[in-house]
Each structure stands twice: as structure tokens, then as C-alpha cells.
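Please have a look at the structure first.

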Amino acid sequence: ISNHYRVYITRHYFQYLCNRSLIAGDKFLNYKPSHVTAAAIGLSRALQRPSEPVWTPTLSHYTKYTYPEIKECMSDLLQLYKCDFNSETRRFGAVWNKYNLPRYMFVLKKKKVPTATLR
């Protein structure tokens, strides 16, 4: 897979996670928007690049968050994402369907979640 393609896939996962956190309800209101954004970046990297570090010093520098600071929010996003993979617990089908369009490279049809873990 080319690096260019991986960047776009990671970006679409990031966008999905941010959109999903906006409609998830009270759980994400406890976090600052920048905190959720940083956690979405980390989780999208974890989903797409499991062999690479989830959080790098460069990300820490630019986001001003360390990995321990975003890990709980990443876990909340991961739980949300896992629920969306189960059609019985999926609450927002329109968002799910949106990210399964060609424009978003069918990112959610790739089913990366069940094996994703946070280190």
C-alpha cells in the first residue's frame, strides 16, 4: 500500500471518529475538542498502522498532549467504534453509511476494529 493511500485512509478514519464523537452524547462533552481530536488522531493511527507507535514525540509537540493524557478518550472512541461494527448496537447508520462511500474509500468496510488495542 502506498504511503499516499495510507494517509488518506487514516484521515478518513480520523474524520469518522470526530463525527461520531459529536453525536455520541454526554461522554465526549467531558473532553475538550482538542483532546477528542488528538485521541481521534491516535486511534486512527492505531487502526491503520498497528506496527507503528500510536503516539510520537512529534504528535505530542504539535497537539500538546501526551499519550497517557489521551488514552482514556481513545478508549472511549474505540468502544464507540466497536459498537458501530455490530449492526444491532449501531445507532447512527447514516454516519456509518457515509464513510462506506467511494469518496471516503469505504474505510469502514475494511473492519479493522476488533483487533485494535491500545498500548
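A polar contact is a pair of N or O atoms within 3.5 Å; within protein, one must be able to donate a hydrogen and the other to accept it, and residues adjacent in sequence count only if both atoms are side-chain atoms. This is a predicted model, in which local features need pLDDT of at least 70, side-chain atom pairs count only at pLDDT 80 or more, and totals for chains, interfaces and linings use all residues. Residues are numbered from 1 along each chain as its sequence is written, and side-chain values use heavy atoms, leaving out hydrogens and water.

Now find threonine 63 in helix H3 (residues 57-63); helices here are DSSP runs (H or I, at least four residues), numbered from the N terminus. The side chain of threonine 63 reaches the backbone oxygen of leucine 59 at 2.7 Å, and one of its polar atoms lies 3.2 Å from the backbone nitrogen of tyrosine 65. At 19% relative accessibility, threonine 63 counts as buried (under 20% relative accessible area, with a 1.4 Å probe and protein chains only).

Leaving aside residues up to four places away in sequence, threonine 63 touches Ala38 and Trp55, where contact means heavy atoms within 4.5 Å. Isoleucine 70 also contacts Ala38 and Trp55, among others.

Finally, turn to helix H1 (residues 3-23) and helix H4 (residues 67-85), which pack at about 95° with axes 10 Å apart. H1 and H4 are therefore roughly perpendicular, a term for angles of 65 to 115 degrees. Tyr13 and Tyr16 of H1 and Leu77 and Tyr81 of H4 are among the residues making this contact.

Terms used
Axes fitted to C-alpha atoms, helices over the stretch in contact; angles between N-to-C directions. Helix = DSSP H or I, 4+ residues; strand = E, 2+ residues; numbered from the N terminus. Parallel < 35°, antiparallel > 145°, perpendicular 65-115°, else oblique. Buried < 20%, exposed > 50% of the residue type's maximum accessible area, 1.4 Å probe, protein only.
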